[in-house]
Amino acid sequence: VEPGQLVVIIAEGKVKLRTINEGDGVGPQGMDNGSGRLEGKIGGASPFFVGSSIAFYAKDSGMLKLRIKDKRYDDNMGGFNVKVLVMKPSEIPPATDVPAESQ
């Protein structure tokens, strides 16, 4: 991504971590302690929380990387389906008023 680009990330699905012994797993929001949550990172910047969805204008340039926060990955199951949209500001169409009765 490049600075100024709009980045939209939407995630769904479940992962089962070693720390979750029962149940269906955890979604992209993760557990209360942060384990299992979906995180992103651009270039050498610090990781940031993505969760189920996030939209932001990139401040840094570099490769966008996503990860599931955990200490070990060899004992996990499942995954997230992730959609990523990256647009230059010039590609974003202007907002249009939509009448309430048309929504």
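Author: Helices (H or I, at least four residues) and strands (E, at least two) are DSSP runs, numbered from the N terminus. This is a predicted model, in which local features need pLDDT of at least 70 and side-chain atom pairs count only at pLDDT 80 or more, while totals for chains, interfaces and linings use all residues. Residues are numbered from 1 along each chain as its sequence is written, and side-chain values use heavy atoms, with hydrogens and water left out.

Reader: How many helices and strands does the protein chain contain under that definition?

Author: The protein chain has zero helices and six strands. Along the sequence the pattern reads β-β-β-β-β-β.

Reader: What is the confidence of the protein chain, and where is it lowest and highest?

Author: The pLDDT, which is the predictor's confidence in each residue from 0 to 100, averages 90 over the protein chain. A score of at least 70 is reached by 95% of the residues. Confidence is lowest in strand β6 (residues 77-87), with a mean of 94, and highest in strand β3 (residues 48-49), at 98.

Reader: What makes β1 and β4 a pair?

Author: Two strands pair if DSSP finds at least two bridges between them. Strand β1 (residues 6-16) and strand β4 (residues 53-57) are joined antiparallel by five bridges, and therefore they count as a pair. Ile9 stands opposite Ile54 in β4. Between β1 and β6, which also run antiparallel, there are 11 bridges. Val8 has Leu85 as its bridge partner in β6, and Val7 stands opposite Val86.

Reader: Why are β4 and β6 said to stand at the edges?

Author: The open sheet has the order β4-β1-β6, with antiparallel pairing. Each of β4 and β6 has a single partner strand, so one side of each lacks a neighbour in the sheet. From one strand to the next the twist averages 15°; for such angles, axes are lines fitted to C-alpha atoms (for helices over the stretch in contact), and angles run from 0 to 180 degrees between N-to-C directions.

Reader: Which strands form the open sheet that contains β2?

Author: That sheet has three strands in the order β3-β2-β5, paired antiparallel. Its edge strands are β3 and β5 (64-68), each pairing on one side only. Strand β2 (residues 38-42) and β5 share five bridges, and Leu38 has Ile68 as its bridge partner in β5.

Reader: What makes a group of residues a nonpolar core, and which residues have the most contacts inside the largest one?

Author: A nonpolar core is a set of buried Ala, Val, Leu, Ile, Met, Phe, Trp, Tyr and Cys residues joined through side-chain atoms within 4.5 Å. Buried means under 20% relative accessible area, exposed over 50%, and partly exposed in between (1.4 Å probe, protein chains only). The largest such core has 14 residues, and Val7 and Val15 have the most contacts inside it. The elements giving two or more residues to this core are β1 and β2, with the largest share, four residues, coming from β1. Contact means heavy atoms within 4.5 Å; beyond its neighbours within four places in sequence, Val7 touches residues including Ile54, Phe56, Leu64 and Leu85.
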